[in-house]
Amino acid sequence: MKAMAAALAVSASFLAVSVVLAQGRSSGKPPVAAAPGYDPATYAELQKAPEKARHRANPLENDPHAVAAGAILFAQHCAECHGKSAEGSPKAPSLVVSEVQSATPGTLFWLLTNGVVRKKMPVWSKLPEPQRWQLVRYIQSLGGPALRAESPAAQP
């Protein structure tokens, strides 16, 4: 009887540990040890956008559906590397950092269009232009209104 009670207690402990581990894996966030380190050099590609590209305005800036459409495109094409909430992963950097959030829409569009092949960021020129602009709207929406208001890109 004691052996059966001990076996039941051990089984219950294993079950509890399994549930806790499964919840951590299904949360969508990488384990703490897998979180990428912040390196400002990672975002230097944003500075390489030509002047003409930087000044391009997003034609979908006032489209009320652009952010939602961009979120769907992000889930399909970007989340695998940048993470479901765009906070980065060991494969790709965070898109919620100030360097990205303060970039102009034209800069983000240029980067999406041209990629950074040597850093494994694909060229997304195969996506129709409106879809790339939707992605830009979604990425910029991740910073929230407070960060966008403070960003140099938001200043006239």
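How many helices and how many strands does the protein chain have? I counted eight helices and zero strands. The model I am reading is a predicted one.

**Entry 1. Overall layout**

I listed the elements from the N terminus on and got α-α-α-α-α-α-α-α. I then looked up burial for the protein chain, which has 156 residues, and found that 31% of them are buried.

**Entry 2. Salt bridges, the count**

I went through the charged pairs next. The count comes to six salt bridges.

**Entry 3. Glu-45 and Arg-118**

I checked where each partner sits: Glu-45 is in the loop between helix H1 (2-26) and helix H2 (51-54), while Arg-118 is in the loop between helix H6 (105-114) and helix H7 (129-141). The partners are 73 residues apart, and the pair links distant parts of the chain.

Is Glu-45 buried or exposed? I read a relative accessible area of 9% for Glu-45, and because buried means under 20%, Glu-45 is buried. Arg-118 has 60% relative accessibility and counts as exposed. I also noted that Glu-45, Lys-48 and Arg-118 are linked in a network of salt bridges.

**Entry 4. Arg-137 and Glu-61**

Arg-137 forms a salt bridge with Glu-61, and I read 3.9 Å between the closest N and O atoms. Arg-137 lies in helix H7 and Glu-61 in the loop between H2 and helix H3 (66-77), so this pair ties together parts that are 76 residues apart in sequence. For accessibility I have 15% for Arg-137, which counts as buried, and 36% for Glu-61, which counts as partly exposed.

**Entry 5. Glu-80 and Lys-91**

I found another salt bridge between Glu-80 and Lys-91, with the closest N and O atoms 3.7 Å apart. Glu-80 is in helix H4 (residues 79-82) and Lys-91 is in the loop between H4 and H5, so the parts tied together are 11 residues apart in sequence. Both Glu-80 and Lys-91 are exposed.

**Entry 6. Helix H7**

I went back to H7, the helix that holds Arg-137. Does the span of H7 agree or disagree with its number of residues? H7 has 13 residues, which at 1.5 Å a residue should span 18 Å. Its end C-alpha atoms are 19 Å apart, so the two values agree.

I listed the buried residues of H7 as Arg-132, Trp-133, Gln-134, Leu-135, Val-136, Arg-137, Tyr-138, Ile-139 and Gln-140.

**Entry 7. H6 against H7**

I looked at how H6 and H7 pack. Their axes come within 9 Å and cross at roughly 125°. That angle makes H6 oblique to H7. I noted the crossing of H6 and H7 as right-handed.

**Entry 8. Gln-101**

Where is Gln-101? I placed Gln-101 in helix H5 (residues 98-101). At 2% relative accessibility, Gln-101 counts as buried. I then checked what the side chain of Gln-101 reaches, and found the backbone oxygen of Leu-95 at 2.7 Å.

Note on methods:
Residues numbered from 1 in each chain as written. Predicted model: local features only at pLDDT ≥ 70, side-chain atom pairs only at ≥ 80, totals over all residues. Heavy atoms only, no water. Helix = DSSP H or I, 4+ residues; strand = E, 2+ residues; numbered from the N terminus. Buried < 20%, exposed > 50% of the residue type's maximum accessible area, 1.4 Å probe, protein only. Polar contact = N/O pair within 3.5 Å; in protein donor to acceptor, adjacent residues only side chain to side chain. Salt bridge = Lys/Arg side-chain N within 4 Å of Asp/Glu carboxyl O. Expected span 1.5 Å × (residues − 1). Axes fitted to C-alpha atoms, helices over the stretch in contact; angles between N-to-C directions. Parallel < 35°, antiparallel > 145°, perpendicular 65-115°, else oblique. Left-handed = near helix turned anticlockwise from the far one by under 90°.
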